[in-house]
Amino acid sequence: MSDVRIETFGCRLNTFESEIMRGHAEKAGVTNAIVFNTCAVTAEATRQARQAIRKARKENPDAEIIVTGCAAQTEAETFAAMPEVTRVLGNEEKLKATSWLKGSNAPRVDVSDIMQVKEAHVPVIARLTGRTRAFAQVQNGCDHRCTFCIIPFGRGNSRSVPVTAAVEQVRRLVAEGHNEVVLSGVDLTSWGADLDGAPRLGHLLSRILSGVPDLRRLRLSSIDSIEADDELMDILASEQRVMPHLHLSLQSGDNMILKRMKRRHAREDSIRFCTDLRRRRPDIVFGADIIAGFPTETDEMFENSLRIIDECGLTFLHVFPFSPRPGTPAARMPLLEQQIVKRRAALLRETGAERLKAFLARQVGEAHDVLVETPKLGRTPQFALAHFTQQMTPGAIVRAVVTAANDDGLQVVTGPAAGLAA
């Protein structure tokens, strides 16, 4: 085993890729190293990474510090200029085994032009360290150019993992003991556009579900609902192995702001998507990303974002206070006062917390199949956090009844205590 610590920032895709890097580092015999897999979604995320790097150097003066991820890809010079940093690897380089081979010939900065990458890596990894839920990367990059987003320049253009490779990836994860697999990507619903015949995401789900019959639970990471194809909608509505929880890349509830963000949907599209899918599958719940205080957002525009929480029936909110990201068009737009941005973000979070509390309260008395994540914690199919009253076996899926709900999630009991068979 190598002595490598990986600090992961940002998205689920980074979490997945950190495990790939861990495997490469172990095989290469890397020792006494700290790897920072950074995020570039906000300027604050990059600042936090730099702060963590400085702290790590003070606490580990002899360690090799390797910086990679989206912030390293978009701001290689910034990290290369830090005296604490030993090496900088780009997002393409970090996934190559050769990048982790020791030797004095390794370049200090190894960051290529991500826009020249045309094919997705086809990584297959075994059990994720310390995790019961597995992630299968089936897509990378993004062809869209939202005005607030730097990620396409960190990830490159959209690339899809072929169907057969994706199915095999999920099959291997299930064989390693994972009962739940999450399909992940930067722009997951764009999967297939670059493959022969341009298959859609619904086709991929169909092939995974038929090709891996032992898979108990399949979950999707964030999706762009405007790209949802008919087959995907049918599967989401009827396939019980696909979890009834979707996280939507919503960003705003106001049409003018959506245009200025260069999004491809209108607020009516989001409302229609949620209404139609909830009609077809009543137990489904929705989460969403919403940006508070986007440049030029008026009080009326903000109210539209606030109202869409109820109009879409959102349960889990991920709220981003807008902060200008250098290099993006939105950074050049007229900014709002920071106090206004903070106040709007707080109101969105407060409203989201109220809706989540109401949803959790409605679960009391209901029975759920809960994926055990730790001896005392698990997740329901709708991704609600469940607290067990007794020690459980991580990785198992157990039938449990909700006995109480509070701000921390659900309290659940299993077996005879819940009136269930042991």
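A residue is called buried when its relative accessible area is under 20%. The exercises below apply this term and others to a predicted model.

**Exercise 1. Determine how many residues of helix α1 are buried, and what this says about its surroundings.**

Solution. 
- Step 1. Locate the helix: α1 covers residues 12–28, which is 17 residues.
- Step 2. Compare its length with expectation. From the first C-alpha to the last, α1 reaches 25 Å, close to the 24 Å expected at 1.5 Å a residue.
- Step 3. List the buried positions. They are Leu13, Asn14, Thr15, Phe16, Glu17, Ser18, Glu19, Ile20, Met21, His24, Ala25 and Ala28.
- Step 4. Conclude. Because twelve of the 17 residues are buried, α1 is largely enclosed by the rest of the structure.
- Step 5. Note what comes after the helix: glycine 29 follows α1 and has a positive phi, near 75°.

**Exercise 2. Describe the open sheet that contains β6, β9 and β10, and state how its strands pair.**

Solution. 
- Step 1. Recall the general principle: strands of a sheet pair through backbone hydrogen bonds, in either a parallel or an antiparallel sense.
- Step 2. Give the order. The three strands follow one another as β6-β9-β10, with parallel pairing.
- Step 3. Identify the edges. These are β6 (133–137) and β10 (217–220), each of which pairs on one side only.
- Step 4. State the twist, which averages 30° from one strand to the next.
- Step 5. Examine the first pair. Strand β9 (residues 180–184) is joined to β6 by five bridges, and phenylalanine 135 has valine 182 in β9 as its bridge partner.
- Step 6. Examine the second pair. Four bridges join β9 to β10, and glutamate 180 is the bridge partner of arginine 217 in β10.
- Step 7. From β9 the chain passes through helix α7 (residues 201–211) to β10 in a right-handed β-α-β crossover.

**Exercise 3. Decide whether the two faces of β10 are covered or open.**

Solution. 
- Step 1. Recall that in a regular strand the side chains alternate between the two faces of the sheet.
- Step 2. Sort the residues. Arg217 and Arg219 lie on one side of β10, and Leu218 and Leu220 on the other.
- Step 3. Conclude. All four of these residues are buried, and both faces of β10 are covered.

**Exercise 4. State which residues have the most contacts inside the largest nonpolar core.**

Solution. 
- Step 1. Recall that in soluble globular proteins nonpolar side chains tend to be buried together.
- Step 2. Name the residues. The largest core has 55 residues, and Leu183, Leu246 and Phe273 have the most contacts inside it.
- Step 3. Find the main contributor: helix α6 (residues 163–175) supplies the largest share, seven residues.
- Step 4. Another core, of 34 residues, lies apart from the largest one and includes Cys39, Ala45, Val67 and Val88.
- Step 5. Inspect leucine 183. Beyond its neighbours within four places in sequence, its contacts include Val138, Val170, Leu204 and Leu218.

**Exercise 5. Describe the closed barrel and one of its strand pairs.**

Solution. 
- Step 1. Follow the order: five strands run β14-β15-β16-β18-β17, and the pairing is mixed.
- Step 2. Give the angle. Neighbouring strands are turned by 55° against each other on average, direction ignored.
- Step 3. Select a pair. β14 (residues 367–374) and β17 (residues 397–406) are antiparallel and share five bridges, with leucine 371 opposite isoleucine 397 in β17.

Key
Residues numbered from 1 in each chain as written. Predicted model: local features only at pLDDT ≥ 70, side-chain atom pairs only at ≥ 80, totals over all residues. Heavy atoms only, no water. Core = buried A, V, L, I, M, F, W, Y, C linked by side-chain atoms within 4.5 Å. Buried < 20%, exposed > 50% of the residue type's maximum accessible area, 1.4 Å probe, protein only. Contact = heavy atoms within 4.5 Å. Pairing = 2+ DSSP bridges. Axes fitted to C-alpha atoms, helices over the stretch in contact; angles between N-to-C directions. Expected span 1.5 Å × (residues − 1). Right-handed = clockwise from strand over helix to strand, strands pointing away.
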